[in-house]
Amino acid sequence: MITDLFKQKKTLSFEVFPPKKDGEFEAAFEVLDALGSLQPDFISVTYGAGGSRSKKTVEIASYIQNTLHIDALAHMTCVGSRKEDLLSVCEELARNNISHVLALRGDRPKDMTDEQFESRDFAHANDMMVFLKEHSNLHLAGACYPEKHFECFSMESDLQNLKRKQEAGAEFLITQLFFDNDAFYAFREKAAAKGITLPICAGIMPITTPKQIGTTISLSGSSIPKALSDIVAAYGDNPQDMRKAGIDYAIRQIRDLQQNQADGIHIYTMNKPETAAEIVKALQ
């Protein structure tokens, strides 16, 4: 059980995403084999918008759990799902020996009407958590946001929402990616003061191309420190130097987090095992 790992050690884990096309599965399994050889404590698998790729999520998570024998953490989103949809996914997870879920609201699908959005079964991730606790034996993880969720009007309100996840049954937390460790430390202190006692894994994404910066800001709302923007300015036109400098930045971030007793490091691998391998080797 993943929760038990936090009682024994500081964890190192990865995130992967399922292939968008069925014909890409063979390459995806090669990626998983390479990541598995790095011996992470667990691997999370993302979920399509509105549950659009839930079967692929389960298939990838099953390979991690049952072939690689590494704990799989399957993402599950509720924004576009009815209760019966979630129950169906729960049954599929159980059939595949998968017992851990990262419960998320998820992004609103582009084709979802206002009427559908307003009448959804679950308004927030903590609502889904309560439902899953009542109708399954799943172990739940939750997401958290060191710089607050971009839709939330204040950090105080965001921390109240996070407390609800703990009360709903979350057993540990994984942060949205961030690039400023001071923001994480400040968030950790505020969460503790709010009575949030769950282990918190720090989510780290190596920035290896300038394009990632724009995509990252639009998707996560994370701020970009001057040290990282300087790297992009200096090396953005040289792909090899940019990749090396971006990985070095992530390694320095992780080392500092480990020295400051982060409960775990969760690397957003972008399905690039070579990058993950370089980071893991540097941390040994």
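Trainee: Why is Asp230 called partly exposed?

Mentor: In this predicted model, Asp230 has a relative accessible area of 37%. Partly exposed covers the values between the cut-off for buried, under 20%, and that for exposed, over 50%. Asp230, at 37%, is therefore partly exposed.

Trainee: What makes Lys226 and Asp230 a salt bridge?

Mentor: The closest N and O atoms of Lys226 and Asp230 are 2.8 Å apart. The cut-off is within 4 Å, between a side-chain nitrogen of Lys or Arg and a carboxyl oxygen of Asp or Glu. The pair meets this condition, so the contact is called a salt bridge.

Trainee: Where do Lys226 and Asp230 lie relative to one another?

Mentor: Both belong to helix H10, residues 226-235. Because they are four residues apart in this helix, about one helical turn separates them.

Trainee: Why is Lys226 called exposed?

Mentor: The relative accessible area of Lys226 is 61%. Exposed means over 50%, so Lys226 qualifies. Lys226 is also among the exposed residues on the face of H10 turned away from its buried side, together with Ala233 and Ala234.

Trainee: Which residues of H10 are buried, and how do you know that they are on the same side of the helix?

Mentor: Leu228, Ile231 and Val232 are buried in H10. They cover an arc of only 95 degrees around the axis, and therefore they are on the same side of H10.

Trainee: What makes the contact between Lys7 and Asp4 a salt bridge?

Mentor: The N to O distance between their side chains is 3.7 Å. This value is within 4 Å, so the contact counts as a salt bridge. Lys7 and Asp4 both lie in helix H1, residues 2-8, three residues apart.

Trainee: Are Lys7 and Asp4 exposed or partly exposed?

Mentor: Lys7 has a relative accessible area of 68%, and the cut-off for exposed is over 50%; Lys7 is therefore exposed. Asp4, at 28%, counts as partly exposed.

Trainee: Which residue forms a salt bridge with Lys10?

Mentor: The partner of Lys10 is Asp263, with the closest N and O atoms 3.9 Å apart. Lys10 lies in the loop between H1 and strand S1, and Asp263 in the loop between helix H11 and strand S8, so the pair ties together parts that are 253 residues apart in sequence. Lys10 counts as partly exposed at 46% relative accessibility, and Asp263 counts as partly exposed at 24%.

Trainee: How many salt bridges are found in the whole structure?

Mentor: The search of the whole structure finds 11.

Terms used
Residues numbered from 1 in each chain as written. Predicted model: local features only at pLDDT ≥ 70, side-chain atom pairs only at ≥ 80, totals over all residues. Heavy atoms only, no water. Helix = DSSP H or I, 4+ residues; strand = E, 2+ residues; numbered from the N terminus. Buried < 20%, exposed > 50% of the residue type's maximum accessible area, 1.4 Å probe, protein only. Arc of directions from axis to C-beta.
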